[in-house]
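Trainee: Could you help me learn to read a protein fold? I would like to go through it step by step.

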Amino acid sequence: MEPIYLDYNATTPIDPAVAAAMIPYIYEHFGNPSSSHAFGQRAKTAVDKARCQVADLLGCLPDEVILTSGGTESNNHAIKGVSGAYREKGNHIITSSVEHPAVLDVCAFLEGHGFDVTYLPVDSYGMVNPRQLEWAITPQTILVSVMHANNEIGTIQPISEISEIAHRNGVLAHADCAQSVGKIPVSVDELGVDLLSIAGHKLYAPKGIGALYIRSGVRLEKLMHGAGHEMGWRAGTENVIEAAGLGMACQLIAENLAGYCERMTETRDMLEAQLGERLPDMKINGHPEHRLPNTSSISFPSLEADTILSNLEYVAASAGAACHSDQVEISSVLQAMRLPLDEAMGTLRFSTGRYTTRDEITRAVEDVAQAVEAARSRSPQGV
Ligand SMILES: Cc1ncc(COP(=O)(O)O)c(C=O)c1O
């Protein structure tokens, strides 16, 4: 049986149009964008074009976009960059308890360097309450960093409200948009953020490329020191091949988002409806309305996610909890939502993509239902 990929939040394949856009820079145009001769200028044109394509998608100026190695670097640069540049103003950062490690670990690092970090709690849908942000802000606060959409449960945070509160209090706002760009509309002005991270491999570009939006006037300490690449923001010879790919990936989204969204929603909803008929005790996590169109976090009570995953014959999905010897390690997101243990430990994440077909969903439902039933027949609870 052909494997069925339902893990598009982990990574996406490269879109054929993206691959085609990169090929000339693999085989022909190898110049260094910093060189003034024709070889270099051809490469520079590709990087400049990519920057414009990213900016067009986000609704900002090309000069406000720097190319990075991915979501992790963009988040590091945004958060460490603000903490270094605004240190004289204060040492307090606010984030949420459901962020990706690419934010949480940066905050933990800064805590070890004299910063105070507030981790906003979330409700049972994984949603931050903007009022709690308002209460958490102090005269020392310099940055609020809350993700746009959660990678595990798909919940979409009220970023425009969060930015408005931050700005009213003289605080900068950053959003990790690694999971939202390419799935829902993302505009820097609508979100009102000062900094925004994107990750190429989540949006059908290759792994190892991303971008950081830096609103004009915002200061950042450098992460990478060296020569004056990326308008002086990030040293290092540009990844020309992948920049061309990221640019094309962003152009495709700008042109086709509604269609992609329709396909992802249709297949995700079909998966949830058909699985729900087969396994009526399953529970869907995440916000019922404010949720990514492709993400389905499903709890199968009293079962272990790893057991279900190992029973799957041809579906690729991921677990919300991992078992190590006798201990179950629940993901920090499900913990922050205070999901009951018996639900959290049997939680799987399915994420559909622009290539997912209805036929794949029909076959996937069969595999998942059988894997859950097999796990149930072997579970000590016998439920
Ligand atoms: C929400 C979120 N932020 C950041 C990242 C990290 O991005 P990258 O893999 O490009 O470093 C991921 C990747 O899983 C993510 O889901």
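Mentor: Two strands pair if DSSP finds at least two bridges between them; helices (H or I, at least four residues) and strands (E, at least two) are DSSP runs, numbered from the N terminus. Before we use that, note that this is a predicted model, in which local features need pLDDT of at least 70, side-chain atom pairs count only at pLDDT 80 or more, and totals for chains, interfaces and linings use all residues. Residues are numbered from 1 along each chain as its sequence is written.

Trainee: Which residue stands opposite His-174 in S6?

Mentor: That is Ser-145. Strand S5 (residues 141-145) pairs with S6 in the parallel sense, over three bridges. S6 also pairs in the parallel sense with strand S7 (residues 195-199), again over three bridges, and there Asp-176 stands opposite Ser-197.

Trainee: Is strand S6 buried or exposed?

Mentor: A residue is buried if 20 or more other C-beta atoms lie within 10 Å of its own, exposed if 12 or fewer, and partly exposed in between, with C-beta atoms placed from the backbone. In S6 (residues 172-176), five of the five residues are buried, so the strand is largely enclosed by the rest of the structure. Both faces are covered: Leu-172, His-174 and Asp-176 are buried on one side, Ala-173 and Ala-175 on the other.

Trainee: What is the order of the strands in the open sheet?

Mentor: Strands of a sheet pair through backbone hydrogen bonds, either parallel or antiparallel. In this model, seven strands make an open sheet with mixed pairing, in the order S2-S8-S7-S6-S5-S3-S4. Strand S2 (65-68) and strand S4 (116-120) are at the edges with a single partner strand each, so one side of each has no neighbour in the sheet. S2 runs antiparallel to strand S8 (residues 210-214), joined by four bridges, and Ile-66 stands opposite Leu-212 in S8.

Trainee: How do helices H2 and H8 pack?

Mentor: Axes are lines fitted to C-alpha atoms, for helices over the stretch in contact, and angles run from 0 to 180 degrees between N-to-C directions. Helix H2 (residues 38-58) and helix H8 (residues 240-278) pack at about 30 degrees, their axes 8 Å apart. That makes H2 roughly parallel to H8; angles under 35 degrees count as roughly parallel, over 145 as roughly antiparallel, 65 to 115 as roughly perpendicular and the rest as oblique. Their crossing is left-handed, a term used if the near helix is turned anticlockwise from the far one by less than a right angle, with right-handed if clockwise.

Trainee: Which residues does Leu-246 touch?

Mentor: Two residues are in contact if their C-beta atoms, placed from the backbone, lie within 7 Å. Leu-246, which sits in helix H8, touches Ala-50, Val-54, Gly-200, Ala-205, Ile-209 and Ala-211, not counting residues up to four places away in sequence. Leu-246 counts as buried because it has 32 C-beta neighbours inside 10 Å. From C-alpha to C-alpha, Leu-246 and Gly-210 are 7.4 Å apart in space, although 36 residues separate them in sequence.
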